[in-house]
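Hi,

Here is the structure I promised to pass on. Have a look at it first, and then read my notes below.

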Amino acid sequence: ALQVLAKEKALLLRLLNHFTDTLNNSDPGTLKRPNRLVLAATVALGHLFTMNDSSIGVVVKKYFPQLFGTFLLRIGTTVEGLSAQQTAAAFMNFLHASQNDSMAMALEGNRLSAVSRELYDEVICELMALFCRHHPSKREALLQFIHPFLSRPFPGHRVATVATLSQLLLSAVDGGLSSHMTADIAQSLLRCIDDAHSVVRKQGVRGLGQLMLLWQQHPQQQQLAAGALVDEQIVVKEVLPAACRSLNDSDSVVQKEAVVVVQRACLVEGLPGTGRCLLLRSSCHLQPIVDAEDVALRAAGLDLLGRLCSTAAAAAVAGVESGQDATDNCNADDADADNADMEFTKHLELLVIHCIVRLEDTSGVVSSASSRCLQQVVAALLWEAAPSRAGSAAAAEAAELLRRRDEEHMEFERFIFPFVAMLHKPGDSSLMVKRLEICRMYFTPETNGDKGADGAGRTLGLATCVAAGFVAAALARCLGDAAPRPSSLLCSVCRDLMDLVSVEDSDFRAQIARILGFFDILTGPKPQ
């Protein structure tokens, strides 16, 4: 019946309008109760594109951006199972009918059925990347069609729309989008940061990363079209604060995207002072990230911390070489920069303990990231302590110890005591207490790390427990005969370690016993 009706162009257009209106404006339902009308419209629309009729080709060519956007929205609202198979088949028919065989390859092998519902947005991103590559002149038409769906109540529509906007922004590197269009996309992405749906937030933050990439690639070329797309004031006053805030998101997929945005911002040449202060202050969000359950997020967080250290160190070295002194700063911007530097240093003095513990992370990716990060962290801390040749020499000594640990596969016990001694700040009892408290955070193996069915989470917890124990012992050794001493806290650390002796792992218990042996400082003579 459809084939007969579709032979008349007027009826064909009415059928297309009816089916697309059903797909774009109906509640798609849920996995348990899908909207049967939407399912039927998907199948019927796909069937229309199998007809060997010139009218189909003319209509598809004329309305290609709108039809393509309709299928992106349908992918966003589809659910796993039969719905995904029907959507994929209909979309394949459409792509073949529009003679876009290369784009159809993105859905070959029933791609939607091969991934989970949480990854459908990545399929949309891949398809949009192909669309922008093969049909750059039709990007504006697609944007005009799909942009209004960002305010729809259905999460799938918002997911598809924000993923489309993100990829459109990425494609702006060729200068094919106007500054007005880019500004509209940027503002829409900023509104997505606070969406209730985590995938919408994820794609919104990713879009901000695309904007940052444009700025990074064209920092000094504002006269070019691609460079003019990026408004520095919007980036510094709106994009960077939103990205830094997203580091504290409740969902790890959003945090990963936020880490990428901040990393890209660190690489921008000529970053304004206000932006640099925002980046350094974002370090307050990194502790949960470097200890996250997600391995990739932990590693990315450590790499970001290293980037922030490089950003801080570069500015410090530039200030010393130019002969500037912090005491000479008299305007508000300089005072804010000094405050940001001090806040960053305070965060860094604590984050360094997390980095050291993560050297023993059972994930090689995290361990390597921690080693790279520590190279930058110790350089920043030791330079801050002595911004001169002395600071450079101390940083070089610490870097050499890290290098030897990696190359000689030095045991953690041999490495940790001299390394912690280099970072110790005599007389700062408050910092010592905070660092010991951080070590105590890791003395809970059953709740530390990824808790998989194979027991990998417990293995990870035991490894970090041992590492934290050695760090605590090294910190205690740094006290020597200093007074006053955090005696009560040291006793609490020992009690925590004693509680771990009950763990049913003989190697672990042996390590804990050895760590306790280093706390013989508690039995020494009372300081005078």
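**Helix packing and cavities**

Helix 11 and helix 12 cross in a left-handed way (left-handed if the near helix is turned anticlockwise from the far one by less than a right angle, right-handed if clockwise). Before going further: this is a predicted model, where local features need pLDDT of at least 70, side-chain atom pairs count only at pLDDT 80 or more, and totals for chains, interfaces and linings use all residues. Residues are numbered from 1 along each chain as its sequence is written, and side-chain values use heavy atoms, with hydrogens and water left out.

Back to that pair. Helices here are DSSP runs (H or I, at least four residues), numbered from the N terminus. Axes are lines fitted to C-alpha atoms over the stretch in contact, and angles run from 0 to 180 degrees between N-to-C directions. On the helix 11 side the contact includes Val162 and Leu165, and on the helix 12 side Ile185 and Leu189 (contact means heavy atoms within 4.5 Å). Its residues split into seven nonpolar, three polar and no charged; Ala, Val, Leu, Ile, Met, Phe, Trp, Tyr, Cys and Pro count as nonpolar, Asp, Glu, Lys and Arg as charged, and the others, Gly among them, as polar.

Helix 12 also packs on helix 13 (residues 198–217), at about 140 degrees with axes 8 Å apart. This pair is therefore oblique, and the crossing is left-handed. Among the contact residues are Ala186 and Leu190 of helix 12, and Gly204 and Gly207 of helix 13.

Now the cavities: there are two of 30 Å³ or more. A cavity is a set of points on a 1 Å grid over the protein atoms alone where a 1.4 Å probe fits but cannot get out, and lining residues have an atom within 4 Å of a point. Points are joined across faces, edges and corners, and the volume is the space filled by probe spheres set on them.

The largest has a volume of about 50 Å³, with Pro28, Arg74 and Ser83 among its lining residues. How does that lining divide by class? Five nonpolar, six polar and one charged.

Cheers

Definitions and conventions: 1 Å grid on protein atoms, 1.4 Å probe; cavity = no way out; pocket = protein on both sides within 12 Å on 5 of 7 lines; lining within 4 Å. Helix = DSSP H or I, 4+ residues; strand = E, 2+ residues; numbered from the N terminus. Parallel < 35°, antiparallel > 145°, perpendicular 65-115°, else oblique.
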